[in-house]
Amino acid sequence: MIKNDVQDVIKNRHHRQRQQYRCQSCHYQFINQTRKGYAIEQLYAIYAQGKQTRLELSSQIGYSRRYLWQKFDDVIVEPMYASPPLDPVNLIVDATFFGRADGVLVFRANREHLYWQFIQSETIDEMNRGVDQLGQMGYRFKSVTLDGKKGMIKRFQARYQGLPIQLCQFHQAQIIRRYLTFNPKTECGHYLKMIMKDFTSMPAHQFQNLIITWAEIYHDFLAERNEQGQFKHRRLRSARRSLFTNMPYLFTYQNDLIRAIPNTTNSCDGSFAHWKQKIKIHHGLKKHRRHKMINFLLSRFNLP
């Protein structure tokens, strides 16, 4: 049979639920092994990027689920990182977790994933390792936006003196909301909640004045103690401490000398939501298979 003479090929019954073909010229019978022309790498891309489970893909293509696992495990996925630009970048750093001791730390800028690494916990050492790797890749930093983990600001300041640091305003609002709850029980809490409602759209000096005024008005209230000598309103005091500690880094993006600094890590969070939704379709993945899919999805995100 001449391979290009497809007009001589006709369907000829089924064998084990698979379509057989026969050449009318030489009477050669065969089964189409390409399964609609898909290579295994293409099938893995459909599996990872689409909304089909392994069972649905198996029914569509004709391979058994076990066979798909075997072939998918053989697929090698190497991370494809974005190429470093000539100019310094406004770096965004954030992490997300799939369970205890299983997360990924992502370094992002210019709507691209510059680098990512799998972590067991979001520590300063993991952050340093990622920043060192970015430096080896040739990246330079104009600013960095963080989610406010303790110690990371000091570490960045020690390593990159003068580097503008922006704390994620969304995370700061979440911290205060956690201390106040959605329905504060005190007048002091309601006042602070009202201030925090629109703080992302305020100028820095306005927000600072409001917080200082709030702290002065309720100074005596926050200093109240119970019979055991403990502070009565410890959650409100924690909210006050968080705001005054982080205040110098909440409005760095409003500096006219430094442009385009992201004031939140929402760029990372939006990316997380996208590919975590795809991974959720294939729930129950073992860790190594999940990591392979993450590498694939984040690498595909960087492709033009």
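Contact, as the word is used in this note, means heavy atoms within 4.5 Å.

1. Basis of the model. This is a predicted model, in which local features need pLDDT of at least 70 and side-chain atom pairs count only at pLDDT 80 or more, while totals for chains, interfaces and linings use all residues. Residues are numbered from 1 along each chain as its sequence is written, and side-chain values use heavy atoms, with hydrogens and water left out.

2. Confidence. The term pLDDT stands for the predictor's confidence in each residue, from 0 to 100. The protein has an average pLDDT of 85, and 92% of the residues score at least 70. Helices (H or I, at least four residues) and strands (E, at least two) are DSSP runs, numbered from the N terminus. Among the elements of the protein, the highest mean pLDDT, 95, belongs to helix H8 (residues 204-217), and the lowest, 68, to strand E3 (residues 29-31). The pLDDT is below 50 over residues 1-6, a stretch that has five contacts in the model beyond near neighbours in sequence.

3. Thr 252. This residue is placed in the loop between helix H10 (234-246) and H11. Is Thr 252 buried or exposed? Thr 252 is buried, with a relative accessible area of 14%; buried means under 20% relative accessible area, exposed over 50%, and partly exposed in between (1.4 Å probe, protein chains only). Not counting residues up to four places away in sequence, Thr 252 touches Pro 164, Ile 165, Gln 166 and Ile 261.

4. Helices H6 and H10. Two packed helices are described by the angle between their axes and the distance between the axes. Axes are lines fitted to C-alpha atoms, for helices over the stretch in contact, and angles run from 0 to 180 degrees between N-to-C directions. Helix H6 (residues 169-180) packs with H10 at an angle of about 165°, and their axes are 8 Å apart. That angle makes H6 roughly antiparallel to H10 (under 35 degrees counts as roughly parallel, over 145 as roughly antiparallel, 65 to 115 as roughly perpendicular and the rest as oblique). H6 passes H10 in a left-handed crossing; a crossing is left-handed if the near helix is turned anticlockwise from the far one by less than a right angle, and right-handed if clockwise. On the H6 side the contact is made by Gln 172, Ile 175, Ile 176, Arg 178, Tyr 179 and Leu 180. The residues from H10 include Leu 236, Ala 239 and Leu 243. By class, the contact of H6 with H10 divides into seven nonpolar, four polar and three charged residues. Here Ala, Val, Leu, Ile, Met, Phe, Trp, Tyr, Cys and Pro count as nonpolar, Asp, Glu, Lys and Arg as charged, and the others, Gly among them, as polar.

5. Phe 170. Helix H6 also holds Phe 170, which counts as partly exposed at 40% relative accessibility. Leaving aside neighbours within four places in sequence, Phe 170 is in contact with Thr 264 and Asn 266. Phe 170 and Asp 147 are 23 residues apart in sequence and, C-alpha to C-alpha, 8.4 Å apart in space.

6. Helices H11 and H12. The axes of helix H11 (residues 266-281) and helix H12 (residues 287-301) cross at roughly 140° and come within 11 Å. H11 is therefore oblique to H12. Trp 275, Lys 278 and Ile 279 of H11 make the contact with Arg 290, Met 293, Ile 294, Leu 297 and Leu 298 of H12. This contact of H11 with H12 has six nonpolar, no polar and two charged residues. The crossing of H11 past H12 is right-handed.

7. Helices H1 and H3. Helix H1 (residues 40-49) and helix H3 (residues 65-74) pack at an angle of about 100°, with axes 10 Å apart, so H1 is roughly perpendicular to H3. Ile 40, Leu 43, Tyr 44 and Tyr 47 in H1 meet Leu 68, Trp 69, Lys 71 and Phe 72 in H3. The contact of H1 with H3 has seven nonpolar, no polar and one charged residues.

8. Asn 110 counts as exposed at 56% relative accessibility, and Arg 111 is exposed with a relative accessible area of 71%.
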